Structures are given as C-alpha cells and as structure tokens.
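Trainee: I should like to learn how to read the features of a protein model. Please take me through the one displayed below.

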Amino acid sequence: MSDSLNASEAPRSRPAAAGESAVPAPGVPVRHIRSKGEPRFPDGPSADPAGSHFERRIRSFQPRRSRVTAGQADALQRLWPTWGLDIDGQRTIDLGEMFGNDHPVVLEIGFGMGEATAQMAAAEPGINILAVDVHTPGQGNLLNLAEQRKLSNVRVGNGDAIILLREMLTEDSLDGLRVYFPDPWPKKRHHKRRLIQPEFLDLAATRLRPGALVHCATDWEPYAEQMLDVLTAHPDFENTQADGGFASRPDFRPLTRFEGQGLEKGHVVNDLLFRRVQHGERPDRSDQSPTGA
C-alpha cells in the first residue's frame with residue numbers, strides 16, 4: 001500500500017528511460033512506497049492504538065482512510081508527539097498534566113475536519129477541548145488549525161472514545177461532552193451501532209462532574225428523537241429545556257459547512273442540551289414518559 005502526499009495538481013515526472021536514473025521532476029514530491037508493516041506516520045497516530053487488548057465490541061464508528069494532504073501529514077509528524085493522544089487503554093490520563101493547567105475539560109467525540117472545534121477553542125481559551133476521532137486527515141487538519149491559530153487548549157485523540165472513557169479517564173474528570181453529527185446508522189439493523197445509547201450514558205455519567213453539559217446535535221430526525229428519549233429516560237441527566245424538548249443551537253456551537261449544506265437541502269438540525277445532575281439527587285421520572293411529556 002502506498003501513501004501519496006503530493007498535491008493533486010502537481011506535475012508528474014515521466015518514467016525513466018533505459019540508462020537514466022529515476023529523478024523526479026522539479027517541485028514534485030517523491031512518492032513513498034511503504035513496506036509491509038511500516039507505520040503510515042512513524043511519529044504520528046497509531047493505526048490501531050488499542051490493538052487486541054480489549055474485546056471487539058460493536059463499534060459506533062467506521063474508520064475512514066481517505067487521502068492525507070502534505071500539510072496534514074506534516075502536522076501529524078511534527079505535532080502529534082506533543083498534542084496527540086493514542087487511545088490505547090493502557091494508562092490513566094492526568095488531564096491537568098496533559099493541558100498544563102487546571103481549566104475545565106470538554107470531551108468532543110467526532111470532530112470531522114476540526115473547523116468547528118478550532119473555532120470553539122479560539123472563542124473559549126479558558127476551556128480545554130479533548131477532541132477524539134479516527135479520521136486521519138481530520139486529525140492532521142485540526143492539528144494544523146491549532147498551530148496556525150496558536151490554540152494551546154486543544155488536544156487530539158486517536159481511537160475509540162469508549163476505551164478512553166472506560167479505561168483512561170478518572171471519575172468526575174470532565175466538565176462537558178459534545179457529540180456533533182454522529183453517524184446516524186440509518187438502517188434499522190444498524191441502530192445498535194448508534195453512540196447515544198443507555199449503556200454509553202451510564203459510562204459517560206461516571207466521568208462527568210455534576211453540572212457538566214452534554215450537548216448533542218444531529219440532522220437525522222429519527223436519531224434526534226432517539227437521543228431525546230434516551231437522555232430523558234436516564235436518571236443521571238436532566239433536560240435544560242423547560243418543555244423537555246430540543247434546544248436552539250447555542251451561540252458557542254459554530255454553524256459548520258456540513259451543517260449549512262444540510263440546511264440548504266431542507267434538513268432539520270436538532271440540538272440537545274442535558275445537564276449531569278448532582279450525585280444522589282437524581283430527578284424523579286417515575287411519572288414521565290420517555291420524551292418528558
């Protein structure tokens with residue numbers, strides 16, 4: 001398998017004729033052919049950081065191995081050792097040590113290309129964002145944006161967020177959780193792969209401090225309804241909306257290009273804002289339906 005990091009518009013060198021040495025044309029990066037087992041980015045994110053250490057559960061994500069640009073590859077090589085985290089499940093993370101301060105930490109699961117994450121980090125420098133995804137180009141792009149905008153409050157995680165929550169974070173270590181436009185797994189037989197499920201909320205609740213905000217957003221209405229049902233029914237979370245329904249998009253969540261394209265097509269975007277209740281002060285939901293009615 002090869003990795004081509006040269007720009008698509010770059011000129012191609014001609015094949016070497018008999019007796020000539022293979023010299024690339026000026027300005028054309030050398031195409032590197034990786035040998036079997038050679039890591040894609042020696043100093044960057046691992047291909048499978050957790051390896052076979054944990055059970056192979058049903059995954060809520062689908063790894064995407066699309067093309068990595070030269071700029072993204074450079075960022076992964078240079079910045080990953082300092083700002084990157086391979087989610088291997090083999091150690092407990094000290095978030096204060098990771099960020100170099102004791103500011104509140106928000107976990108973002110699935111950040112795409114990282115534009116919205118970078119905007120939120122720039123707007124709130126007093127909040128640290130641990131952004132997790134498995135999309136290599138997006139990881140490189142977010143690292144690039146963080147460096148360009150001098151964002152010291154962003155760290156990029158590579159791997160399974162479930163393993164991060166379960167194995168690497170301590171109780172009450174997070175001040176927020178953001179899940180924006182997760183894979184809706186629209187086919188009924190795939191609904192079990194959706195991230196926002198009771199079991200996931202059970203785990204997340206142990207890592208979120210009382211008062212921490214859980215913020216979800218999706219443009220897939222059936223998934224939005226499921227999220228609302230599951231969050232409303234969970235005893236460790238309460239809806240911030242008095243009517244028990246969806247919230248308006250808060251100012252701190254930027255309107256992304258992806259979201260804008262969906263709105264132009266008539267998609268309805270729903271935000272959900274739920275708060276982690278105080279320990280031992282779970283709301284009584286015995287007389288409420290799953291939707292809070």
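**Contacts, burial and helix packing**

Mentor: Leaving aside neighbours within four places in sequence, R178 is in contact (heavy atoms within 4.5 Å) with V106, L107, E108, I109, M120, E124, I129, H215 and F252. This is a predicted model, in which local features need pLDDT of at least 70, side-chain atom pairs count only at pLDDT 80 or more, and totals for chains, interfaces and linings use all residues. Residues are numbered from 1 along each chain as its sequence is written, and side-chain values use heavy atoms, with hydrogens and water left out.

Trainee: Where is R178 placed, and why does R178 count as buried or exposed?

Mentor: Buried means under 20% relative accessible area, exposed over 50%, and partly exposed in between (1.4 Å probe, protein chains only). R178 lies in strand β7 (residues 174-180); strands (E, at least two residues) and helices (H or I, at least four) are DSSP runs, numbered from the N terminus. Because its relative accessibility is 6%, R178 counts as buried.

Trainee: Which residues does I109 touch?

Mentor: Not counting residues up to four places away in sequence, I109 touches V132, A161, L177, R178, V179, Y180, L195 and F200. I109 belongs to strand β4 (residues 105-109) and, at 12% relative accessibility, counts as buried.

Trainee: What span should helix α7 have, and which of its residues are buried?

Mentor: The expected span of a helix is 1.5 Å times one less than its number of residues. The 13 residues of α7 (residues 221-233) should therefore span 18 Å, and the end C-alpha atoms are 18 Å apart, which agrees. Buried in α7 are Y223, A224, Q226, M227, L228, V230, L231 and T232. The buried residues of α7 pack against α6 (198-207), β8 (208-218), β9 (237-239) and β10 (270-276).

Trainee: How many helices and strands has the protein chain, and what percentage of its residues count as buried?

Mentor: The protein chain has eight helices and ten strands. Of its 293 residues, 45% count as buried.
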